[in-house]
Amino acid sequence: MPEAESGLNLIYKHINYPNRARQNNVEGRVFIKFIVDENGNVKSPEILKDIGSGCGKAAIEGSKKVKFILGAHNVKVYFTPPVNFKLQN
């Protein structure tokens, strides 16, 4: 299986918490799905479960910036990671 170069938590470094979500105190878990291609790039990302206020889109944008290290077979693989949105107090 491919692995994210710095772990899947790297997605969080690339997510900008949407202003609308902050203003409306939106928190929760977004589920996205994407393909990791033969070059370790994220392709065809889509939102499976969204909490609204732009969080799904932010999760997609963050995932596009993550590069993966390929597994032993160098084949396309689907990933379905949860992305948590939590406001800091």
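**Aromatic pairs in a predicted model**

In this predicted model, the count of aromatic pairs comes to four.

Student: What makes Phe 34 and Phe 79 an aromatic pair that is stacked?

Tutor: Rings pair if their centres lie within 6.5 Å, and planes under 30 degrees apart count as stacked. For Phe 34 and Phe 79 the values are 6.0 Å centre to centre and 15° between the planes, so the pair is called stacked.

Student: Which parts does this pair tie together?

Tutor: Phe 34 is in strand β2 (residues 28-36) and Phe 79 is in strand β5 (residues 77-79), so the parts tied together are 45 residues apart in sequence.

Student: Why is Phe 79 called buried?

Tutor: Buried means under 20% relative accessible area. Phe 79 has 14%, so the word applies. Phe 34 has 0%, so Phe 34 is buried as well.

Student: Why is the pair of Phe 68 and Phe 79 called tilted?

Tutor: The centres of Phe 68 and Phe 79 are 5.2 Å apart, with 40° between the planes. Under 30 degrees would be stacked and over 60 edge-to-face, so 40° leaves tilted. This pair links Phe 68 in strand β4 (residues 68-69) with Phe 79 in strand β5, eleven residues apart.

Student: How do you know whether Phe 68 is buried or exposed?

Tutor: Its relative accessible area is 4%. The cut-off for buried is under 20%, so Phe 68 is buried.

Student: What do the ring pairs link into a cluster?

Tutor: They link Phe 34, Phe 68 and Phe 79.

Technical notes:
Residues numbered from 1 in each chain as written. Predicted model: local features only at pLDDT ≥ 70, side-chain atom pairs only at ≥ 80, totals over all residues. Heavy atoms only, no water. Helix = DSSP H or I, 4+ residues; strand = E, 2+ residues; numbered from the N terminus. Buried < 20%, exposed > 50% of the residue type's maximum accessible area, 1.4 Å probe, protein only.
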